[in-house]
Amino acid sequence: IVEDNIVSANLASRYGDALQALLDRDEVLHDLFVMCCYVHSCRTPVSFDMAYAFLRGEVANWYSSG
């Protein structure tokens with residue numbers, strides 16, 4: 001219903017544009033977001049340990065901001 005009533009770009013295109021903008025701004029945040037979306041689509045909650053393991057090459061500890 002929503003996609004049929006959008007006058008400008010279709011919903012898939014808008015998500016693609018938003019993901020590309022996120023990738024251009026912060027690659028690590030983009031990858032973390034895509035990982036969270038994938039895990040959510042598998043109907044599994046993302047735990048802190050899962051995110052920390054995914055980012056193991058990017059953060060030294062949970063205090064680190066990058």
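Is Tyr52 buried, partly exposed or exposed, and at what relative accessibility? Tyr52 counts as partly exposed because its relative accessibility is 34%; buried means under 20% relative accessible area, exposed over 50%, and partly exposed in between (1.4 Å probe, protein chains only). This is a predicted model, in which local features need pLDDT of at least 70 and side-chain atom pairs count only at pLDDT 80 or more, while totals for chains, interfaces and linings use all residues. Residues are numbered from 1 along each chain as its sequence is written, and side-chain values use heavy atoms, with hydrogens and water left out.

**Helix H2**
- Helices are DSSP runs of H or I with at least four residues, numbered from the N terminus.
- His30, Met35 and Val39 are buried in H2.
- These buried residues fall within an arc of 165° seen down the helix axis, so they line one face of H2; the arc is taken from the directions from the axis to the C-beta atoms.
- On the other side of H2, His40 and Ser41 are exposed.

**His30**
- His30 counts as buried because its relative accessibility is 14%.
- Apart from neighbours within four places in sequence, His30 is in contact (heavy atoms within 4.5 Å) with Leu19, Leu22 and Leu23.

**Helix H3**
- Phe48 and Tyr52 are four residues apart in helix H3 (residues 48-54), so about one helical turn separates them.
- Phe48 counts as exposed because its relative accessibility is 53%.

Terms used. Helices (H or I, at least four residues) and strands (E, at least two) are DSSP runs, numbered from the N terminus.
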